[in-house]
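Subject: Structure handover

Hi,

Here is the structure for your set. Please open it first, then read the notes below.

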Amino acid sequence: MLPQLLAFLEVARRGNLSRAAEALYVSQPTLTARLQALESELGEQLFVRTRRGMRLTEAGEAFLPFAEHSVQAISDGRDRLSELRRGTVGKLVLGAPPTVSTYALPALLARFTAEHPGVRLTVMTGTSEEILELVLHDRIQVGLMRALGHPEVESVPVYSDALLAVVSPDHRLAGRKVRLAELAGEPLVLFGRSSSYRVFTEAVFRQAGVMPESVLELDNIEAAKKMVEHGIGISLVPHSAAIGELATGVLSVVDLADTTLPSREIVAVRRHDAGPPSGTVATFMTLLTEVGSLIVGSEPPDPSLHGARADSILPALDT
């Protein structure tokens, strides 16, 4: 009924059929047909012809504000859809494992929310396997997680997070180039039983045949870093999690001469059948192209620490 409503409003505004037809870029017979169709639909006569032009009837006067509201609502709806297409309003539901949500997302989402304050944001956390399930069950729109192959999802590389061997700055190994075997006498600080980084750390030592003197098992990476900071041992932590401590000198890197530490590839995962990104998802995916500089901030201290993909060491953990 939109053309009929527009015809009604234009004639009511101008009081003249020919001028209203010109304003709407239609012929006068077309305009008249639209008015008659509207009157037939409403069961009321909306105009009467006078020597001075078209005048609203009592029914027309009563219908006028509702017609104006309807047309304005449609215009507002079109504007809203345009905003959705541009990603300036709407919702964005993300999922990420703890390491990504703690060290990657804050800088990224600070940028996103500053540029798109009208978007309602939700973040869900879990292991990469749990995030994948949330994507598959359509509970989140985008998952930021380590690469896990699945035929129903598509993955876009986002950044690579290298493992670093870190100790306190006054530790005997701080800043030195050593062989992995020299770590055998050091306490090893592990974190997060469900963390893939723990799996990667254990695989590195197992493949090298190195048995640490003792193992400290903590439930989160922040606690692990505090232990290392106080000189209690050595830990392998993702670069993104240690940027602040390395910059302030709270932690120091140990350069392993005979070992290439792995990197964990972080990808953005969406369902294949979700179609091309649009709206807030498209806007967020565009921002992800800049995520490396937002998250990592700088390259690891030694390029040699950009090792093999962490996935490549997983077969060693069959037992």
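H10 covers residues 239-248, and its buried residues are His239, Ser240, Ala241, Ala242 and Glu245. Buried means under 20% relative accessible area, exposed means over 50%, and partly exposed lies in between, with a 1.4 Å probe and protein chains only. Helices are DSSP runs of H or I with at least four residues, strands are E runs of at least two, and both are numbered from the N terminus.

This is a predicted model, so local features need pLDDT of at least 70 and side-chain atom pairs count only at pLDDT 80 or more, while totals for chains, interfaces and linings use all residues. Residues are numbered from 1 along each chain as its sequence is written, and side-chain values use heavy atoms, with hydrogens and water left out.

Overall figures

The protein has 12 helices and 13 strands. Of its 319 residues, 45% are buried. It exposes about 16,100 Å², with carbon and sulfur atoms supplying 52% of that. Accessible areas come from the Shrake-Rupley method with a 1.4 Å probe; for residues, only the protein chains shown count as cover. Take the contacts between residues at least 6 apart in sequence: 75% of them join residues at least 24 apart. Contact means heavy atoms within 4.5 Å.

Most residues other than glycine have a negative phi. Tyr25 is not a glycine, yet its phi is positive, about 60 degrees. Tyr25 sits in the loop between H2 and H3. It is exposed, at 77% relative accessible area. Asp138 also has a positive phi, near 60 degrees. Its place is the loop between helix H7 (128-136) and E5. Asp138 is exposed, with a relative accessible area of 58%.

Helix pairs

How do H2 and H3 cross? The axes of H2 (residues 17-24) and H3 (residues 28-42) come within 9 Å and cross at roughly 100 degrees. Axes are lines fitted to C-alpha atoms, for helices over the stretch in contact; angles run from 0 to 180 degrees between N-to-C directions. H2 and H3 are therefore roughly perpendicular. Angles under 35 degrees count as roughly parallel, over 145 as roughly antiparallel, 65 to 115 as roughly perpendicular, and the rest as oblique. Leu17, Ser18, Ala20, Ala21 and Leu24 of H2 meet Gln28, Leu31, Thr32 and Leu35 of H3. That contact has 6 nonpolar, 3 polar and no charged residues. Here Ala, Val, Leu, Ile, Met, Phe, Trp, Tyr, Cys and Pro count as nonpolar, Asp, Glu, Lys and Arg as charged, and the others, Gly among them, as polar.

H6 (residues 105-115) packs on H11 (residues 279-288) at about 130 degrees, with the axes 11 Å apart. The pair is therefore oblique. H6 contributes Leu108, Leu109, Arg111 and Phe112 to the contact, and H11 contributes Thr280, Thr283, Phe284, Leu287 and Leu288. By class, that is 6 nonpolar, 2 polar and 1 charged.

Glu152

Glu152 lies in the loop between strand E5 (142-146) and strand E6 (153-167). It is partly exposed, at 44% relative accessibility. Leaving out residues up to four places away in sequence, Glu152 touches Leu136, Arg270, Arg271 and His272. Glu152 and Asp273 are 121 residues apart in sequence but 7.7 Å apart in space, C-alpha to C-alpha.

Best wishes
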